[in-house]
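Please open the model in your viewer and keep the selection panel at hand. The tour goes from one selection to the next and says what is there at each stop.

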Amino acid sequence: MGQAEEYLDRIPMWTRKKNSLEDVRRFLDYLGNPDRDRPAIHVAGTNGKGSVCAFLTSILEEAGYSTGTFISPHLVEVRERFLINGRMVDQESFEGAFETVLEASRKLADQGLCHPTFFEFLFYMAMVLFRMRDVDVMILETGMGGRLDTTNVLERPAACVITSISMDHTKFLGDTLAKIAGEKAGIIKTGVPLIFDDGQPEVSTILEGFAFRRGAARYPVGRDDFHVEEIGEKGLSISARMKDGRCLELEIPFEAFYQAENAMLAVRTLDVLRQPGECPRTGCRMPGHGPCICPDGMEWGISDQHIVKGLKNTFWPGRMEQVRPGIYLDGAHNPGGIEAFIQTAGEISHRQGKKPWLLFAAVSDKDYERMAEQLCKEMIWEAVGVVHMNSDRGLAAEALARVFRTYTSRPVYSYGDTKSAVWDMAEKSREGLLFCAGSLYLIGEIKAVLEQKT
């Protein structure tokens, strides 16, 4: 591990005071306001943010744009959070950006500004990196929430995207969907088009209300905007309704049905940017408020062919990713994500005619009991393995095993470390399918274990 990674690991993630957006702006001012140099697409939501960012990145790259993508969390190493044209930033550039931000932190500390939190430090690094590499477009994923998120310092992105919303981070964002939606809606900017998941009427009403009050064009994306034509081991084939009413046949290289929704959000976003104008729907949930007009901006040179090829070539690890024959990894880590995970795992098991096994881990501040109940009541597993992750926030395996045993009569195996869990569960499930879920940190640890195996 290099000096930069060691320093970043020592920054407390949750125990230090979070800086205000005014403080974040002051820091960026010191850096020369690199966030104002180029257009950005801002992505918030509970589930699917990273996937939408990956689809956007791949399509834009296919269209000839150089991209800088900032995501979280990472699976194996922190450099994964900074993507230049879809690929992890090189070590030299990473360390250069780190040194720039570190120097700024020390000088601004002398002026009374608090040291950046872990996420703030990484965001500043992303802004420095993207300016250093002179990218054409930035794709930025929020860390948590939206209204108070560090990334919300963006003043006028090209588009705002809000993916599906479910109960997560309730301690910080609120204990109802309405409260959480209100926090996510905080990224909506005056005159900036909003593209959002239209799967929940309660959430959609809140998002449309925020957008209307801020004069933002509203583009809801729902199940009637696409039709899944085929699901196979190579992914999904869908027919997508474009903004002008045409249908475009698309291939998505993932087996998970929820990726069709995420892909459609990305497609609609770029379709809106390349063709500013009226919303494709006249039925808005805010009474008396018709379609909005998206303001003219830069011309985006994105063709249907760019969309088709970009989607087909998208790679996004840890989201129902088949890493080895019969072993799937999915970062589902909240009730909404688990629901989508169960749907996809069940479809894959049924299609392949093989029995499913589960390996699960969770961090202690997640609603792990509700997730365990969902997993056991909505799907029959041959057996369940639970493991303690190598993290201070990781829930003890025996505590997790006790929870699962209250909801299933199937065998529940407990493991103290990821390495033993992976190999034992892989051996037990060799005639079936092993699905691993519960935390992106678990997925990262499993990937590290599999890469060590020669």
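Begin by selecting phenylalanine 435, which counts as buried because its relative accessibility is 0% (buried means under 20% relative accessible area, exposed over 50% and partly exposed in between, with a 1.4 Å probe and protein chains only). This is a predicted model, in which local features need pLDDT of at least 70 and side-chain atom pairs count only at pLDDT 80 or more, while totals for chains, interfaces and linings use all residues. Residues are numbered from 1 along each chain as its sequence is written, and side-chain values use heavy atoms, with hydrogens and water left out.

With phenylalanine 435 it forms an edge-to-face aromatic pair, 6.3 Å centre to centre and with 80 degrees between the planes (rings of Phe, Tyr and Trp, the last by its six-membered ring, pair if their centres lie within 6.5 Å; planes under 30 degrees apart count as stacked, over 60 as edge-to-face and the rest as tilted). Phenylalanine 341 belongs to helix H11 (residues 335-352) and phenylalanine 435 to strand E17 (residues 433-437), so the pair ties together parts that are 94 residues apart in sequence. Helices (H or I, at least four residues) and strands (E, at least two) are DSSP runs, numbered from the N terminus.

The structure holds 17 aromatic pairs. For another of them, select phenylalanine 82 and phenylalanine 94, whose ring centres are 6.0 Å apart and whose planes make 55 degrees, so this pair is tilted. Phenylalanine 82 is in strand E3 (residues 82-84) and phenylalanine 94 in helix H4 (residues 91-109). Both rings also belong to one aromatic cluster, formed by Phe27, Phe70, Phe82, Phe94, Phe119, Phe123 and Tyr124.

Next, display the open sheet, where eight strands with mixed pairing follow the order E4-E3-E2-E5-E1-E6-E7-E8 (two strands pair if DSSP finds at least two bridges between them). Strand E4 (87-88) and strand E8 (218-221) stand at the edges with a single partner strand each, so one side of each is left without a neighbour in the sheet. Within the sheet, strand E2 (residues 67-70) and strand E5 (residues 137-141) pair in the parallel sense over four bridges, and glycine 68 stands opposite methionine 138 in E5.

Finally, select lysine 428, whose charged end sits over the ring of tyrosine 413, 4.6 Å from its centre (the criterion is NZ of Lys or CZ of Arg within 6 Å of the ring centre and within 35 degrees of the ring normal). Arginine 213 lies over the face of phenylalanine 210, at 5.2 Å from the ring centre.
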